[in-house]
Amino acid sequence: MPADDRSATPAVPTKGVGGDPRESNDDVEEAPGKIWFRDLDEAVIEADRCVQCASCVAACPSDSIGIDAEEKRPTLVRMCTGCSRCWDFCPRSGLRYERLIQLAGEERGLEEPETYAARATGGPAEAGQDGGVVTGLLAALLEAGEIDGAVVARESDEQPLRADAFLATSREDLLEAGGSIYTQTMGLGQIEDLLADADLGAEPDLALVGTPCTIQGATALGRYGHEPADPIALTVALMCTRSFEYDRLRSRIESLGVDPERIESLDVGGGVLTAVDDAGELLLETDVESFDAAGLRGCDECADFVGGGADVSVGSVGTDEGYTTVVVRTNNGRSAWNRAEDALEATEIERPEPLERLAEWNRRRAESVLPRGFDPDAEVGITYEDHRRAYDGTDREPQPLNPARVHQYEEWC
Amino acid sequence: MSDPTVVSPSWLEAHCESVTVVDVRSRRDYEDLGHVPGAVNVPAAEFRDPSRVAAGKLPSADDFAALLSEAGIDPDDSIVAVCDEQGVNAARFLLTAAVYGHDGRLSLLDGGLAAWLEDGGDLTDETPDPTPTSYEAELTDDAPLVDRQAVEAAVEGDAIVVDTRTPAEYDQSHIPGAVQVGWEDLLDESGRLRPEDELEELLAAKGIRPEERIVLYCNTARRLSHTYVVLGDLGYEDVAFYEGSLTDWVRSEAAEWNPVELEARVRSYADAGGFEAMIEELGEDVTNHLKLIGLYHQKQEGYFMLRTRAPGGILTAEQASVIGEVADEFARAPEEYGGPDQNPVFGDGYLDLTTRQDVQMHWIRIRDVDEIWSRYEAVGLETMQACGNSVRNVVGCPAAGIDPNETVDVRPVVERVSERFLGDPHYANLPRKFKISVTGCHENCARAQIQDLAFTPAIRDGRDGFAVRAGGGLSDGPRVASDLELFVEPDRVEELVEAVADLYVDYGSYLDTAVNRLRFLVEELGVERFREELASYADFEFETPDEVLTTDYRDDHVGVHEQTDGRSSVGLNVPTGRMGGDEFRELARLADELGGGELRLTPNQNLLVPHLADERLESFLEASVVDRYGPDPGPFSRGIVTCTGREFCNYGIVETKNRAIRWARDLDEWSEAVGIADEREAVRVHLSGCSASCAQPQIADVGLRGEVYRDDYESGRAADVGLGGDLGNDEFIDWLVGKVPIDDVPAVVRAVTLAYETDRDEGETFAEWTRRRSDVELRNLVSEAAGTKPAAIGTEAS
Ligand SMILES: Cc1cc2nc3c(=O)[nH]c(=O)nc-3n(C[C@H](O)[C@H](O)[C@H](O)COP(=O)(O)OP(=O)(O)OC[C@H]3O[C@@H](n4cnc5c(N)ncnc54)[C@H](O)[C@@H]3O)c2cc1C
Ligand code: SF4
Ligand code: SF4
Ligand code: SF4
């Protein structure tokens with residue numbers, strides 16, 4: 001359109017925030033709400049807000065988003081078609097996760113979620129972080145043929161504290177994967193690859209274990225019937241106030257004079273972070289806040305401590321040492337839970353006060369940090385323009401992408 | 001020659017008297033933004049010669065010596081190099097000095113200017129006035145430069161080859177056996193070098209140890225310089241670099257990138273295991289290379305789209321007949337994909353005419369290509385370089401040589417340009433694809449604005465020739481090609497294309513960015529500078545045109561037209577470009593029997609059959625296949641253009657051809673019913689499966705581009721809608737409303753068509769009308785028709 005007309009268009013932020021020669025040309029005006037990967041990249045990844053949930057990776061219909069091996073962050077690996085789906089499913093941009101959780105709750109939630117203090121019987125109790133409930137539950141489901149595998153986490157061989165996605169298909173696998181690792185796996189984005197390497201037959205049923213943001217993505221994809229969620233038959237959220245960025249976590253630990261190689265397990269509870277070695281010797285005990293800078297910055301915007309989109313949520317808060325606090329939230333979760341009855345010692349309890357308090361604190365933190373409004377009744381989608389309006393001018397505003405990082409790929413025509 | 005080291009800002013502060021600081025930023029930054037006190041300026045652009053590809057990007061020894069003597073540098077000066085790009089350009093300077101035998105110590109300022117400032121360093125805008133020295137530079141015998149052979153040896157195991165680019169780039173392609181360590185990985189978040197022990201650990205984890213022999217590369221020998229300096233600082237002793245880098249590796253005549261070799265290899269699998277064996281032996285990666293010879297792996301594993309080029313759109317009847325026969329015989333879906341009923345509208349055994357005057361067909365198997373190519377060879381057909389990063393099929397006026405009003409008959413020009421680049425490995429792997437068109441008529445029918453390089457008729461001193469435009473294109477980042485105010489004679493076109501390709505190769509990869517299409521280069525350099533640079537690549541004097549002859553824009557050739565020689569050409573309408581292989585063959589037969597044995601493909605996916613003498617015209621028009629693709633279609637069938645779309649394309653978000661054909665038929669009926677079918681000759685609706693824009697939606701009346709939409713409860717396929725493309729006025733569409741649910745699109749088309757009919761002024765075209773109406777009005781019109789809530793964004797203002 002002629003230049004003079006153009007000046008009359010609204011003060012909607014234009015696309016891009018610099019660094020890309022495509023922006024300097026205005027021969028064609030873009031459609032409102034149009035998204036390419038580079039917009040997600042600038043608004044979330046370059047802005048250091050990515051929580052490594054891999055929802056975008058799973059959502060992309062042309063498999064254009066891969067996972068950067070070093071940084072465990074989404075990165076473009078093939079041509080982007082501009083379909084917006086990565087944005088639509090990213091809980092740090094286009095997906096209003098609080099709305100999603102509310103909708104999912106209305107559609108699939110039990111009248112009243114059930115809360116348990118539980119622990120697994122036998123091996124899983126040993127292998128687990130708290131009561132070994134996740135390990136016990138999944139092992140029982142596997143053995144009952146309810147699921148064919150579970151996407152969980154395993155510590156990287158070369159890089160301790162680094163979580164790699166792992167498809168467990170046996171009790172042994174699950175025992176090996178027991179315990180928490182405080183970095184992200186990007187497992188949701190690897191389901192297809194994991195399945196390709198496994199031999200689970202056609203249309204396998206999987207459980208997906210992950211932090212609440214990962215489960216938000218999975219639940220959202222499932223709600224809209226998108227293919228990547230097809231294999232996911234059960235979601236288990238690990239209650240979480242924050243996860244860590246691997247490199248920063250490592251150097252923070254090193255700066256406290258602890259060799260990460262020696263850490264057998266790390267635990268976060270009651271605001272305290274502890275590390276023990278394989279002999280059970282305490283290596284580190286410190287206020288978890290002193291690790292703030294090592295956390296994923298995007299986690300500050302998350303109010304979903306309890307993993308409200310999941311079938312089942314688990315955490316340590318509110319139950320005694322050696323027990324897991326479990327919230328069963330959907331029919332699907334309840335039938336899995338009942339099915340695994342024999343493998344678990346469970347007592348139904350009131351919602352523990354500490355859990356409520358932590359969840360409440362978590363929500364307040366998110367609301368104070370979130371540049372956009374927190375509103376479970378607003379529309380689930382957040383447009384590019386709305387995002388820019390809320391975030392521009394804050395310390396979470398989009399950052400220019402590094403053109404060398406976002407490669408352009410050959411197209412069909 | 002000394003190994004470079006890295007020094008900290010505080011070191012520099014303490015030693016500033018005894019060292020020469022070399023600032024390698026641009027002269028402007030150096031002068032305007034200030035520099036380290038005492039620093040001299042040697043801009044990177046001056047010691048890095050992007051034009052020297054084969055020899056790498058090093059300047060000549062004499063040029064380098066001249067630069068340093070001008071800057072007052074002596075051979076035994078201790079140098080500290082500084083830049084603001086995290087050290088890359090500064091490192092490049094040090095490496096260059098090392099290669100040319102600088103005697104003094106060479107150091108890089110850790111963290112660059114940013115660190116200097118952070119640590120409290122001062123800047124000054126006083127520029128020293130150095131006394132020129134008599135610096136001499138000579139390539140040292142032990143310069144750590146290695147060539148391709150040495151890299152091949154390294155690959156075989158006598159050294160570790162290190163890729164210093166990003167993991168994403170590495171994943172895309174790398175030298176076999178190379179390990180990846182991005183140069184930025186060596187830096188911490190503030191851009192300074194990480195602590196030594198971390199670096200050593202990081203390097204050791206990749207098997208890069210001080211005692212090993214190491215060969216570095218990147219894309220254009222810039223980033224590797226940084227790693228080179230860092231390794232030197234860490235005490236690695238045997239570090240060499242491959243100056244040609246990946247650019248050279250890829251472009252050299254490696255079999256996997258040489259189209260001729262590649263073709264031979266693929267043919268050998270015909271009887272030896274086909275697709276599976278090929279993947280097994282050559283790796284998954286081979287499907288990327290196959291594009292070079294016209295084979296595109298389709299969405300369905302093991303099947304290919306085959307693109308046949310027709311330079312200028314011209315085919316002999318014999319060639320067309322072979323294409324039709326091949327499609328009929330080989331472009332057939334296997335049973336598991338529906339066999340003869342694979343496509344509910346077009347059945348099986350069909351082909352697609354494209355907007356670049358190619359012919360595409362699907363379901364081709366590796367075991368069949370040998371046979372197909374043999375038949376092609378017998379009649380002189382080519383699939384080579386129809387795709388990939390090469391000079392694409394050259395688009396030309398479909399009416400070349402028969403249009404009574406043309407200035408230049410472009411056929412020989414098109415042929416020469418095509419011949420020149422066909423199978424030439426040097427040009428087979430350009431930074432990106434390279435699209436050229438040549439128009440000889442006054443109606444821009446080869447669509448100059450959307451090409452990387454385009455020629456349209458012009459006059460200079462009474463000589464006929466072409467005006468040149470460069471830097472157009474559509475996909476993401478659409479741009480109208482710039483007028484270079486350059487006149488070339490037809491005989492020079494080939495040379496000019498070569499010059500542009502050379503410049504493109506040198507600069508295109510130099511940009512080191514995502515966006516190395518020619519248009520971004522033109523945009524970045526500016527038209528003037530681009531023209532100047534280009535002049536240095538061409539062997540003839542540049543002239544400006546006296547007069548350009550393009551008066552109009554013709555968007556199709558449908559209908560019966562009189563030729564210069566009095567015979568007729570018949571433009572057929574092939575909606576969406578798809579027709580049966582048997583039908584194509586039948587048309588070839590008719591062209592042979594009744595016409596001049598020739599067929600032409602047009603840039604809007606149609607066909608033109610020329611050379612029909614009056615006495616034969618009638619019987620041609622009566623043939624049933626001609627009737628089917630009749631020269632008098634409804635306005636929507638006439639204007640519809642689509643890309644391949646989701647049916648076969650890995651990227652397509654929406655299915656295009658079947659959908660568009662149905663739309664066009666329904667809309668034609670509707671236009672009859674509402675009485676506008678006679679008013680509107682053609683309504684140009686272009687539907688692209690995704691934003692790659694293969695259907696050229698930006699030049700249509702109604703441009704459509706595949707998308708998805710989602711609300712709180714549902715998601716589905718959709719299209720972005722734009723209005724008012726007009727190549728006659730250098731206008732692309734603006735995208736007005738995003739994510740219109742796909743089934744609502746026909747209602748949108750009806751609404752805008754009616755609104756125009758009701759509201760237009762006398763003689764006003766559709767595009768003019770869209771320009772007269774405000775975007776807000778148009779947005780509301782589209783959203784209302786779509787039944788979506790009034791466009792959420794973009795309507796609130798003005
Ligand atoms: C980053 C993070 C932060 C947490 N923060 C809190 C908190 O603040 N308060 C609280 O009460 N609980 C928190 N938890 C949850 C807690 O640590 C336990 O995971 C939970 O109580 C379940 O214990 P369990 O013994 O029943 O599970 P287990 O039997 O140990 O099973 C845990 C399962 O989760 C998988 N897993 C472990 N780490 C990851 C990961 N990063 N991504 C995906 N899968 C993984 C394991 O492979 C295993 O299959 C957090 C967990 C994580 C990963
Ligand atoms: S193609 Fe993939 S990366 Fe591009 S916008 Fe769609 S989901 Fe995002
Ligand atoms: S937060 Fe999740 S969806 Fe968003 S960019 Fe990061 S990985 Fe992708
Ligand atoms: S426009 Fe997109 S969908 Fe259509 S052929 Fe090109 S890449 Fe495929």
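Let's start with B:Q605, which touches B:L353, B:T354, B:T355, B:V574, B:T576, B:G577, B:I640, B:V641, B:T642 and B:K657, leaving out residues up to four places away in sequence. Contact here means heavy atoms within 4.5 Å. This is a predicted model, where local features need pLDDT of at least 70 and side-chain atom pairs count only at pLDDT 80 or more, while totals for chains, interfaces and linings use all residues. As for bookkeeping, residues are numbered from 1 along each chain as its sequence is written, chains are lettered from A and ligands numbered from 1 in the order in which they are written, and side-chain values use heavy atoms, with hydrogens and water left out.

Where does B:Q605 sit in chain B? B:Q605 is in the loop between β25 (598-601) and β26 (607-612). Helices (H or I, at least four residues) and strands (E, at least two) are DSSP runs, numbered from the N terminus. The relative accessibility of B:Q605 is 2%, so B:Q605 counts as buried. Buried means under 20% relative accessible area, exposed means over 50%, and partly exposed is in between, using a 1.4 Å probe and protein chains only. The side chain of B:Q605 also reaches the backbone oxygen of B:T642 at 2.7 Å. That is a polar contact: a pair of N or O atoms within 3.5 Å, where within protein one must be able to donate a hydrogen and the other to accept it, and residues adjacent in sequence count only if both atoms are side-chain atoms. And look at B:R356: B:Q605 and B:R356 are 249 residues apart in sequence, yet 8.2 Å apart in space, C-alpha to C-alpha.

Now let's find B:V7, in strand β1 (residues 5-7) of chain B. Is B:V7 buried or exposed? B:V7 counts as buried, because its relative accessibility is 4%. Beyond four places in sequence, B:V7 touches B:V80, B:R105, B:S107, B:L108, B:L109 and B:D110. B:R779 is another story: 772 residues separate B:V7 and B:R779 in sequence, and 59 Å separate them in space, C-alpha to C-alpha.

Over in chain A, A:V328 lies in strand β12 (residues 324-330). A:V328 has 0% relative accessibility, so A:V328 counts as buried. Setting aside neighbours within four places in sequence, the contacts of A:V328 are A:L110, A:P113, A:E114, A:Y116, A:D311, A:G333, A:R334 and A:W337.

On to some helices in chain B. Six of the eight residues of helix α20 (residues 518-525) are buried, so α20(B) is largely enclosed by the rest of the structure. Which residues of α20(B) are buried? They are B:L518, B:R519, B:F520, B:L521, B:V522 and B:L525. Just after α20(B), B:G526 takes a positive phi of about 85°.

Next comes a pair of helices in chain B, α26 (residues 657-673) and α27 (residues 745-759), whose axes come within 11 Å and cross at roughly 35°. Axes are lines fitted to C-alpha atoms, for helices over the stretch in contact, and angles run from 0 to 180 degrees between N-to-C directions. In α26(B), B:W663, B:L667 and B:W670 meet B:V745, B:P746, B:V749, B:R750, B:T753 and B:L754 of α27(B). The residues of this contact divide into seven nonpolar, one polar and one charged. Here Ala, Val, Leu, Ile, Met, Phe, Trp, Tyr, Cys and Pro count as nonpolar, Asp, Glu, Lys and Arg as charged, and the others, Gly among them, as polar.

Back to phi for a moment. Most residues other than glycine have a negative phi. A:E203 has a positive phi near 45°, and A:E203 sits in the loop between α9 (191-197) and β6 (206-210) of chain A. B:N444 has a positive phi near 50°, in the loop between β17 (436-438) and β18 (453-460) of chain B. A:E203 is exposed, with a relative accessible area of 74%, whereas B:N444, at 4% relative accessibility, counts as buried.

Finally, the ligands. How many residues surround ligand 1? There are 32, and the closest are A:D130, A:T135, A:A177, A:S180 and A:S316. A residue is near a molecule if one of its heavy atoms lies within 4 Å of it. An oxygen atom of ligand 1 is 2.7 Å from a polar backbone atom of A:G179, and a nitrogen atom of ligand 1 is 2.9 Å from a polar backbone atom of A:T183. Ligand 2 is surrounded by 13 residues, the closest being A:C60, A:C80, A:C83, A:S84 and A:C86. By class, the shell around ligand 2 has eight nonpolar, four polar and one charged residues.
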